[in-house]
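Biologist: I would like to learn how to read a model like this one. Please take one feature at a time, with the general idea before the case.

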Amino acid sequence: MPFEDQLGDAMRSTGDGFVPQDSRALLDGALMSGRRRLARRRAATVTGSVVALAAVGLGGAWASGLVGGSSGGPGGSGGAAASVAAPPKSTLPEGVSVTAEQMIKNLISLLPHGKTSGERGSGAGQPGDKFPSPTASVVFDDGQGKGSIGISLSAIDPAGESATGYVACPSKAITDYDHCTAEVLPDGSRFMFFQGYEYPDRREDTKNWRATLVTPKGVLVDATEYNAAAEKGAKTSRVDPPLTGAQMKTLVTAEVWKTTMAGAKVPRSEPVPRGEPSGASMQRELVASLPKGLKVVDQGNQGGYAFAVVDDGKGKSLVGINVQPGMGDVPLQGTVSTLPNGTRVGEDQRPGEKGGAGVVWWTVDTIRTNDLRVVISAFNTGNQNAPATRATPALSMSQLKGIALDPKWETLR
């Protein structure tokens, strides 16, 4: 995500949320959880697979995985929602006063020697400020090629689900990346550094590196950089983004950002939409619903969504499920039928859409008469971006249908 290009979009969408474009629920680690509660209620689906709700900073989205990966932990690769989570509705103007010029100046002062251009930013709490969250971005050239660097500040509940998603490394079952580390700093802040790609299925394209910090007082500092002058529409101009991991860590932990946000009112966690189960309960029930003989080798979740990578000895297979209330008007795809109790069922088998060679994607999408949608997908690979590891998914269409129609999803909270 090109910070300077993304900056305008991010600011415009701050109060509106992320709205997927397609008409299908799919497991996509690049989906954001910023305003994700609103997004889930507005949107039926997203292209790519069952909706995997991740985290997204005000600076933009980044491809990643989901909370709860079995291989997670500091320095691990499995774990939280790729932080593609926009913070709850901002109240920054009430306690933060900073101009766009100050944000840009502060960012530039923290960069190593080099030239900057394309400076952009937004302030907060000043007369005429339209967007409340302070941001800054520049195109930076240290003599080895141009790269874009941007930073955004916000307030977030440090104990909330979104905060966890920001600073936990994603599961590689959801997205491909080179490296990710997560740690707790001496002052109690949580820090994550992610080295991935703008398009994980095309690793030769623009690199996307991200550093995120959540302080014990709820200050969220989110920095993104690319090895190109823009996220999209610009050729890569250097091998790696301009700043090293250590320099990105120095950037987001700078005291100036905490000082800027000192008066911010920290929002509390958002209430879970009525009828939507928690990610933890989804995870538990998905694993319990799997046929015998399947070994769970990775798993993760976030509110209303859960996934598991299973292996029956014939290769890995990714399985994901969404439970979404208020989706009665969503059109179903594939072969559609209506059960005697009024539940609509769509069954579909198609090639995968994430670039993995030979990948197939099987989906059963159901909508009950109370407008509760339960959609489950399975793939013949443990990662959609990777080649198929088996001929077909580990679960049959009949088994997927049985899980989707299980009445327990209506009572799970």
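Biologist: Which residues are exposed on the other side of H3?

Modeller: First the conventions. This is a predicted model, in which local features need pLDDT of at least 70 and side-chain atom pairs count only at pLDDT 80 or more, while totals for chains, interfaces and linings use all residues. Residues are numbered from 1 along each chain as its sequence is written, and side-chain values use heavy atoms, with hydrogens and water left out. Helices (H or I, at least four residues) and strands (E, at least two) are DSSP runs, numbered from the N terminus. Buried means under 20% relative accessible area, exposed over 50%, and partly exposed in between (1.4 Å probe, protein chains only). An α-helix has 3.6 residues a turn, so residues three or four places apart point the same way. In H3, Ala-100, Met-103, Ile-104, Asn-106 and Leu-107 are buried. They span an arc of only 165 degrees around the axis, which puts them on the same side of H3; the arc is that of the directions from the helix axis to the C-beta atoms. Glu-101, Lys-105 and Ser-109 are exposed on the other side of H3.

Biologist: What covers the buried residues of H3?

Modeller: The cover includes S3, S4, S5, H5 and helix H6 (255–260). Contact means heavy atoms within 4.5 Å. Leaving aside neighbours within four places in sequence, Leu-107 is in contact with Ala-136, Ser-137, Val-138, Ile-149, Ile-151, Leu-251 and Trp-257.

Biologist: In what order do the strands S3 to S9 form a sheet?

Modeller: Two strands pair if DSSP finds at least two bridges between them. Here seven strands form an open antiparallel sheet, in the order S3-S4-S5-S9-S8-S7-S6. Strand S3 (115–122) and strand S6 (179–184) are the edges, each pairing on one side only. The twist averages 10 degrees from one strand to the next. Axes are lines fitted to C-alpha atoms, for helices over the stretch in contact, and angles run from 0 to 180 degrees between N-to-C directions. H3 packs on this sheet, touching S3, S4 and S5, and its direction makes about 140 degrees with that of S3. H5 also packs on the sheet, touching S5, S6, S7, S8 and S9, at about 145 degrees to the direction of S9.

Biologist: Which residues have the most contacts inside the largest nonpolar core?

Modeller: A nonpolar core is a set of buried Ala, Val, Leu, Ile, Met, Phe, Trp, Tyr and Cys residues joined through side-chain atoms within 4.5 Å. The largest has 32 residues, and Leu-107, Ile-149, Ile-151, Val-221, Leu-251, Trp-257 and Met-261 have the most contacts inside it. S5 gives the largest share of this core, four residues. Apart from it lies another core, of 25 residues, including Met-282 and Trp-409.

Biologist: Which strands stand at the edges of the sheet that runs from S10 to S13?

Modeller: That open sheet has seven strands in the order S10-S11-S12-S16-S15-S14-S13, with antiparallel pairing. Strand S10 (295–302) and strand S13 (335–338) each have a single partner strand, so one side of each is left without a neighbour in the sheet. The twist averages 15 degrees from one strand to the next.

Biologist: Over which residues does pLDDT stay under 50?

Modeller: pLDDT is the predictor's confidence in each residue, from 0 to 100. Where pLDDT is low, the predicted coordinates should not be read in detail. The stretch under 50 is residues 1–89. The chain averages 77, and 73% of the residues score at least 70.
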